[in-house]
Amino acid sequence: MNDASDPAARPAVGPDGPDRPDEADTGVGVGPWPGGRAAWPPLDGPDGSRRYDPDLLEHGDRRNVVDRYRYWTVEAVVADLDTRRHPFHVAIENWSHDMNIGSVVRTANAFAAAEVHIVGRRRWNRRGAMVTDRYQHVRHHPDVADLVAWAQTAGSDGSPMPVIGIDNVPGSVPLEGYRLPRACVLLFGQESVGLSTEAQGAAVDVLHIAQFGSTRSINAGAAAAIAMHAWVSQHAARASDG
């Protein structure tokens, strides 16, 4: 489950300072429900749980959510996403408050990852997440060994879930053409130093992303987006064909 027991109650200021934006300042979204209170839809969904947020219906919804979820409560959005999350997980090492972690969380939400795992420091810079961490399950592991222990029984039937590292280190194999497991953990290192030695040792394979320019590496947020899209291209897009 998410780090906070009440996602909607999380402060706009992160644990290490003002590192997350206020959704009300995004400049997107919709105004109050047309027609006023008399035209509001039933607040509860078909299952009897609260779907619409009266405050959002009254004042408008400026959150960073797709139109499907306009005016919905945070809890209703999370519950709906839980019915269709994909079986891949994303893990990223966090030893120095890497600013890319927020971007990784945001992308994981966009691709409906099952869960994001923060390995190392519990506190992480949420600014790049654009508040999507309210809708994305986030789990903390104090170290790589704890992540690996979790993965040993994380399969749907209690079987091990393979950990796949992403980094351009000696001995890594190309992501392009690699058949990613449907249920797996995509593990990324922090900016500049990449995967730690422990993380490389925990991975069944370490994959690198093909590059053709002069830079030695791309940032962790970009690498995570590419790897997640590779998973989606192999599994989610193929499953939706026909």
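Start by selecting Gly-165 and looking across to strand S7: its bridge partner there is Val-206. Keep in mind that this is a predicted model.

Pick Val-173 and you'll find Leu-207 as its bridge partner in S7; pick Pro-174 and you'll see His-208 of S7 standing opposite.

Zoom out and colour the strands. What order do the seven strands take in the open sheet? Reading across, they go S3-S2-S1-S6-S4-S7-S5, with parallel pairing. S5, where you just were, is an edge strand, and strand S3 (138–141) is the other; each of them pairs on one side only.

Next, bring in the helices. Select H3, residues 100–110: it lies across strand S1 (88–94) and strand S2 (115–120), and it runs at about 175° to S1.

With both helices showing, turn to how they meet. The axes of H3 and H6 (residues 220–234) come within 8 Å and cross at roughly 20°. That angle is under 35 degrees, so H3 counts as roughly parallel to H6. The crossing of the two is right-handed.

Show side chains at this contact. From H3, display Asn-100, Ser-103, Val-104, Thr-107 and Ala-108; across from them in H6 are Ala-220, Gly-221, Ala-224, Ala-225 and Met-228. Which classes make up the contact of H3 with H6? Six of the residues are nonpolar, four are polar and none is charged.

Last stop: colour by pLDDT. The protein averages 88, and 86% of the residues score at least 70. Then select residues 1–22, where pLDDT stays under 50. The model does have 52 contacts beyond four places in sequence for that stretch, but where pLDDT is low, the predicted coordinates should not be read in detail.

How values were computed: Residues numbered from 1 in each chain as written. Predicted model: local features only at pLDDT ≥ 70, side-chain atom pairs only at ≥ 80, totals over all residues. Heavy atoms only, no water. Axes fitted to C-alpha atoms, helices over the stretch in contact; angles between N-to-C directions. Helix = DSSP H or I, 4+ residues; strand = E, 2+ residues; numbered from the N terminus. Parallel < 35°, antiparallel > 145°, perpendicular 65-115°, else oblique. Left-handed = near helix turned anticlockwise from the far one by under 90°. Contact = heavy atoms within 4.5 Å. Nonpolar A, V, L, I, M, F, W, Y, C, P; charged D, E, K, R; others polar. Pairing = 2+ DSSP bridges. pLDDT = per-residue confidence, 0-100.
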